[in-house]
Amino acid sequence: MSEKLIIFDTTLRDGEQSPGASMTKDEKVRIAKALERMQVDIIEAGFPIASEGDFESVRAVAKAVTQSRICGLARALDKDIDRAGEALKEANASRIHTFIATSPIHMKMKLRMEPDQVVENAVKAVKRALKYTDDVEFSPEDAGRSDPDFLCRILEAVIDAGARTLNIPDTVGYNVPQQFGQLITNLRERIPNSDKAIFSVHCHNDLGMAVANSLSAVLNGARQVECTINGLGERAGNAALEEVVMAVRTRQDLFTCDTNIDATQIVAASRLVSGITGFAVQPNKAIVGVNAFAHESGIHQDGVLKNRETYEIMRAEDVGWHTNRMVLGKHSGRNAFRSRLDELGISFESENELNAIFQRFKELADKKHEVFDEDIQALVNESLLSENEHVKLISLKVTSETGEMPIATMTLSVDGEEKQVEMSGSGPVDAAFRAIEEIVQSHTELQLYSVNNITSGTDSQGEVNVRLERGGRIVSGQGADTDIVIASAKAYVHALNKMILPLERAHPQV
Ligand code: KIV
Ligand code: ZN
């Protein structure tokens, strides 16, 4: 019988620390529900002290999710722990994750604390967190660059104080697999009370080794991995959940543990996260990239047709790629639409919401002969994006002609007041963006613009991502439409609406 490997997802916390990946409360709840469907054991829903919005998001996730344990992050400070405890009050099962840095450079330069003080604060934090929940996790931040003797000392002390999960972060992605695995073995062997706690790892991908380091730790006795969907996260990201889960499952000949994850939910969760954050998944990304199961070379195709195991180590359908993706058309009724949403794991709070999205589906089905799962997911994402809009796209007409500058006639509603302008640009998208800027005067800078087709064929919807920057703040926006100029305008407006929201937020590691 294989042991359990706990999956701790931090897409909503560390994932959100990627510049431009910030999510609204409703978006977080949707992602949390997808993680729950996937049977993720623990969802780190946020850092409640960071802002009012973070607090409310953790609270909302704690209320909405019943099957996964909900965790809140807290520095080793009373105010952080109390705020996390408060946010998690209504959770069916909760955890407080408290941390303090332990590497010489962090203790000296960032905390300006002596090692003794760091141990004292860690113990105090764990004891305080236990007032709110019996499930407390402790992380010595930057463990990957900490002195192993000091790690042993602080970890022994926090276990004595009642921490039952010890998370070893490679905060700056500095470690390599053999060394990181050895660190886990050493800690487990040298800490006298280590058998009272589960060892966890949290690896960043700065050198591209987050998954390899996590797996090496698992081979050395770690039984919790902290990871994110699509490997989203601070800087180069965190270990990708889908890669960790499928590596362990595919190589059961090597691993003595396995996760509870329902892997068939992976692709849907990946799409949801990339749709909401605007962080596109590279085509050759393992497991969730569109090419992950595509065989281009004739020899490979021939081999797979004769016996798929010649070139495939996993089955696409086991991670949620559907072979039969064609779903609905313009004659499909409301019931068929609703049952397809159920199969895709998409739920709605009210009949009104369902009716609104069904209406949009009908409009799309009029333009596009066949509506695929991906189209439905994009429609649902968009219907949620349109909440709380200050700026709304009312209409857009673009004329483009050989030898002439394209002209965009744009009507936007800004806080309820309709405004119209006409602008030219070097191309139709440029003209549309200039028109929006002319009305809104946001003075933001466009950092990224990308278009992907959601499905194949020229009648496919184009999905556009834009990233805007202003004064160091980065936001991303998404839009989908069969007309890519309209999709582009929707994406730009979506990003602007995010930029308008006030954001005062503390960063956990600063
Ligand atoms: O990378 C890190 O060290 C973290 C901690 C808060 C666990 O994200
Ligand atoms: Zn991290």
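Helices are runs of at least four residues assigned H or I by DSSP, numbered from the N terminus. In this predicted model, helix α2 covers residues 52-64 and contains aspartate 54.

**Aspartate 54**

The relative accessibility of aspartate 54 is 7%, so the residue counts as buried, the cut-off being under 20%. Beyond the neighbours within four places in sequence, the contacts of aspartate 54 are Glu16, Lys28, Phe47, Pro48 and Arg505.

**Zinc site**

The zinc ion (ligand 2) is coordinated by Asp14, His202 and His204, at 2.0 to 2.1 Å. Asp14 contributes OD, whereas His202 and His204 each contribute NE2. Along the chain, the donors of this zinc ion follow the spacing D-x187-H-x1-H. Histidine 202 and histidine 204 are both buried.

**Nonpolar surface patch**

Leu446, Tyr449, Val451 and Ile484 form a nonpolar surface patch of about 300 Å². Strand β16, residues 445-453, supplies the largest share of this patch, with three residues. Isoleucine 484, also part of the patch, lies in helix α16, which spans residues 484-500. With a relative accessible area of 40%, isoleucine 484 is partly exposed, since that class lies between the limits of 20% and 50%.

Note on methods. Residues numbered from 1 in each chain as written. Chains lettered and ligands numbered in written order. Predicted model: local features only at pLDDT ≥ 70, side-chain atom pairs only at ≥ 80, totals over all residues. Heavy atoms only, no water. Helix = DSSP H or I, 4+ residues; strand = E, 2+ residues; numbered from the N terminus. Buried < 20%, exposed > 50% of the residue type's maximum accessible area, 1.4 Å probe, protein only. Contact = heavy atoms within 4.5 Å. Patch = residues over 30% accessible without salt bridge, like charges linked within 9 Å, V, L, I, M, F, W, Y side chains within 5 Å. Areas by Shrake-Rupley, 256 points an atom, 1.4 Å probe, with all protein chains shown as cover. Salt bridge = Lys/Arg side-chain N within 4 Å of Asp/Glu carboxyl O. Donors = N, O, S within 2.8 Å, 3.2 Å for Na, K, Ca; no water.
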